[in-house]
Amino acid sequence: MGISLDILCRSCGWTETFRLGMGADIRLAQVAGLAAEDQRQLLSTLLKAHPDHAGEFEFRLWRCPACSQLVEQLHVSLLYGNGRHWESAHCCPMCGAPLLRLEDPEEVTALPCPQCGEPLLEIETLEFWDELQSDMQPLP
Ligand SMILES: [Zn+2]
Ligand SMILES: [Zn+2]
């Protein structure tokens, strides 16, 4: 089961919804199209070439140490072929810096707001999700 949370800035009103974790019955091929754009094609090729792959995947929350952006990205760790391993890389969509993972969403309360820079972020609502969302497209 995944969680979905709204993060709100008490200073400037910035708010954004993030989806984390993964639904119970979702398979990697169903969400691989949501991987970072530059890695989608490679992931698609690997999945098709290695139907016996084993992988772990989930949405994770990341922060950019350079520009304070908060980002939701699909993380994939894939075992395929003869003991080979591929893992997704994560870069800031705004400035390209390598992203840092926030293991615990509560960590945002100590971070600067992506918009105004004040450390006044809070988690407003938290819900659970299990179903495929409409923006989850299978790979072409
Ligand atoms: Zn703010
Ligand atoms: Zn950045």
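A nonpolar core here is a set of buried Ala, Val, Leu, Ile, Met, Phe, Trp, Tyr and Cys residues joined through C-beta atoms within 7 Å. A residue counts as buried if 20 or more other C-beta atoms lie within 10 Å of its own. Note before selecting anything that this is a predicted model.

**Stop 1: the largest core.** Select I7, C9, F18, L61, C64, L70, V71, C92, L99, V108, C113 and L121; these 12 residues form the largest nonpolar core. Two strands, β1 (2–9) and β4 (70–80), each supply at least two of its residues. As background, nonpolar side chains in soluble globular proteins tend to be buried together.

Now centre on L70. Which residues is L70 in contact with, leaving aside its neighbours within four places in sequence? They are I7, E16, L61, R63, V108 and P114.

**Stop 2: the whole chain.** Zoom out and colour by secondary structure. The chain has 2 helices and 7 strands, and from the N terminus the elements follow the order β-β-α-α-β-β-β-β-β. The C-alpha trace spans about 50 × 30 × 25 Å along its principal axes. The radius of gyration is 16 Å, which agrees with the value near 14 Å that a compact globule of 140 residues would have. Of the 140 residues, 21% count as buried. For contacts between residues at least 6 apart in sequence, 64% join residues at least 24 apart.

**Stop 3: the sheet of 4 strands.** Select β3 to β6. They form an open sheet in the order β5-β4-β3-β6, and the pairing is antiparallel. Its edge strands are β5 (84–87) and β6 (100–101), each of which pairs on one side only. In general, strands of a sheet pair through backbone hydrogen bonds.

Follow the pairing from strand to strand:

- β3 and β4 run antiparallel and are joined by 10 bridges; to see one of the pairs, select E58 and its bridge partner in β4, H75.
- β3 and β6 also run antiparallel, with 2 bridges between them. Here W62 has R101 in β6 as its bridge partner, and R63 stands opposite L100 in β6.

**Stop 4: the hairpin turn.** Stay with β3 and β4, which form a hairpin with 6 residues between them. Select S68, placed in the loop between β3 (54–63) and β4. What is phi of S68 near? The value is near 70°, positive in a residue other than glycine. For reference, most residues other than glycine have a negative phi.

Is S68 exposed, partly exposed or buried? S68 counts as partly exposed because it has 17 C-beta neighbours inside 10 Å, and the partly exposed class lies between 12 or fewer neighbours for exposed and 20 or more for buried.

**Stop 5: the sheet of 3 strands.** Select β1, β2 and β7. They form an open sheet in the order β2-β1-β7, paired antiparallel. The edges are β2 (15–20) and β7 (121–129), each pairing on one side only. From one strand to the next, the twist averages 20°.

β1 and β7 pair over 8 bridges in the antiparallel sense. To finish, select C9 and its bridge partner in β7, L121; both residues also belong to the largest nonpolar core from the opening stop.

Methods:
Residues are numbered from 1 along each chain as its sequence is written. Chains are lettered from A and ligands numbered from 1 in the order in which they are written. This is a predicted model: local features need pLDDT of at least 70, side-chain atom pairs count only at pLDDT 80 or more; totals for chains, interfaces and linings use all residues. The radius of gyration is taken over C-alpha atoms; the globule rule is 2.2 Å times the number of residues to the power 0.38. Two residues are in contact if their C-beta atoms, placed from the backbone, lie within 7 Å. Two strands pair if DSSP finds at least two bridges between them. Axes are lines fitted to C-alpha atoms, for helices over the stretch in contact, and angles run from 0 to 180 degrees between N-to-C directions.
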